[in-house]
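Dear colleague,

Here is the structure for your files. My notes on it follow below.

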Amino acid sequence: MSSIDTQAIHAGRDDLRALGVHVPPIDLSTTYPITDVDSGGEAYEQITAGERGDGAATMVYQRLWNPNFDRFERAVAALEGAQEAVSFASGMAAWSAALLATVAAGKPHVVAVRPIYGGTDHLLATGLLGTQVTWATPETVAASITPATGLVVLETPANPTLDLLDIEAIAAQAGDVPVIVDNTFATPILQNPIRHGATLVVHSATKSIGGHGDLLGGVVASDSEWAVRLRSVRVLTGAVLHPKAAYDLHRGLQTLPVRVRAAQAGAQAVAAWLAAHPGVSRVFYPGLEDPSGLVGTQQRGPGSTMAFAVRGGYAAAATVASQCQLITHAVSLGGVDSLIQHPAAITHRPVPAEARPGADILRLSIGLEDPADLIADLDQALAAAARPLSA
Ligand SMILES: *Cc1c(COP(=O)(O)O)cnc(C)c1O
């Protein structure tokens, strides 16, 4: 099999030559012609049951099937080393489908290792979709499993502290219970959880895969059995990826390896500079400090997102975030431009106080700007935070 860089360029494009085109045509049809009632009915039944729609007599309707999301899914499956992938309108729609699929299978109990993305934490804590959650540490996963447990949920690197979890060790504790890993931060370029024992991998494609801050998307890579269940949830609940967004995400995968590596090199420089700054008490970045020892093995590089604690607590951190000029004060990550935000106040606001990141912590996603310019911006923002309030 070709390398991940080559697959990023070519995966999901096998049908183009036969079509006589160089890039995927965008199919915006919401409905598809039916030749006869019998074959149309059969196609409808198959696809709504979660079977693939590409071999059916008709794709019937865009909520059931679309060639652009199919191509994007094939490419993600190739990059993750998964049998299949199923796309959704957003990362949270992807998470919702996985949780609904486990509830539908009669296994509504979920064991989740904190910290995870604030939205996923909130969704699990509210039990909105009929799940019941037990919060675990990496050591208490096995003890938390019951006969009703349908999923073990984890995110590595964790959001926002960048702690790395040993997927193999947790999968061993989970035994027969499928492990689902949010791989948004690492991207398929730096980490492939299925190779380490995970059954499902979730991405908010809104982040690095899209990479330009202009679309929402989500995707779950899995075995074919789970893919059937996820597609049947998608057909019923309707959170499908728009074909144009699927086209853009598929194109985004082509530059993902170079974007990830370039942003990572910039992040390494910025993290080293922050660690030496007197206004910063701690930098959370596995490229500087990796107590897990997983960088270089499970995770092929430290990535481009970090967090740092500002001396002076909440007030100083809030000042740094709002004083940044080149770096945008905004949520999200993994794009071509750098973003900074305050997790405790914004993305992790719904998380209970005991599990919330510190008030002095900022999360920083490094883009593709010259790291020297990013450092200059952080320097003036940290200086503003250190200045005593003027009269
Ligand atoms: C953004 C994000 C999500 C949610 O994805 P959306 O596309 O915003 O719905 C889930 N997990 C992580 C780690 C994220 O960063």
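**Backbone and loops**

Pro160 lies in the loop between E4 and H8, where helices (H or I, at least four residues) and strands (E, at least two) are DSSP runs numbered from the N terminus. The model is predicted: local features need pLDDT of at least 70 and side-chain atom pairs count only at pLDDT 80 or more, while totals for chains, interfaces and linings use all residues. Residues are numbered from 1 along each chain as its sequence is written, and side-chain values use heavy atoms, with hydrogens and water left out.

Asn159 and Pro160 are joined by a cis peptide bond, with omega about 5°. Another cis peptide bond joins Thr156 and Pro157, with omega about -5°. Pro157 is found in the loop between strand E4 (149–155) and helix H8 (167–174). Val60 has a positive phi, near 70°, and is not a glycine. Val60 belongs to the loop between helix H3 (37–48) and helix H4 (67–80). For context, most residues other than glycine have a negative phi, and most peptide bonds are trans.

**Ligand**

The ligand is surrounded by 13 residues, the closest being Gly91, Met92, Asp182, Thr206 and Lys207; a residue counts as near if one of its heavy atoms lies within 4 Å of the molecule. By class, this shell has 4 nonpolar, 6 polar and 3 charged residues. Here Ala, Val, Leu, Ile, Met, Phe, Trp, Tyr, Cys and Pro count as nonpolar, Asp, Glu, Lys and Arg as charged, and the others, Gly among them, as polar.

- Asp182: a polar side-chain atom is 2.7 Å from a nitrogen atom of the ligand.
- Ser204: an N or O atom of the side chain is 2.8 Å from an oxygen atom of the ligand.
- Lys207: a polar side-chain atom is 2.7 Å from an oxygen atom of the ligand.

Taken alone, the ligand exposes 380 Å², and the protein buries 93% of that (accessible areas by the Shrake-Rupley method with a 1.4 Å probe).

**Pocket and cavities**

The ligand sits in the largest pocket, meaning that more than half of its atoms lie within 2 Å of the pocket's grid points. On a 1 Å grid over the protein atoms alone, a pocket is an open set of points with protein on both sides within 12 Å along at least five of seven lines; a cavity is a set where a 1.4 Å probe fits but cannot get out, and lining residues have an atom within 4 Å of a point.

The volume of the largest pocket is about 260 Å³, taken as the space filled by probe spheres set on the points, which are joined across faces, edges and corners. Its lining has 21 residues, and Met92, Tyr117, Ser204, Thr206 and Lys207 lie nearest the centre. Helix H5 (91–104) and strand E6 (200–204) each supply at least two lining residues, and H5 gives the most, with 3. The lining of the largest pocket divides into 7 nonpolar, 10 polar and 4 charged residues.

There are 2 cavities of 30 Å³ or more. The largest cavity holds about 140 Å³ of space. Of the 17 residues lining the largest cavity, Ser208, Val260, Ala263, Ser304 and Gly334 lie nearest its centre. Helix H9 (187–190) and helix H11 (243–275) each supply at least two of the lining residues; the largest share, 3 residues, comes from H11. That lining has 9 nonpolar, 7 polar and 1 charged residues.

Regards

Key. A polar contact is a pair of N or O atoms within 3.5 Å; within protein, one must be able to donate a hydrogen and the other to accept it, and residues adjacent in sequence count only if both atoms are side-chain atoms.
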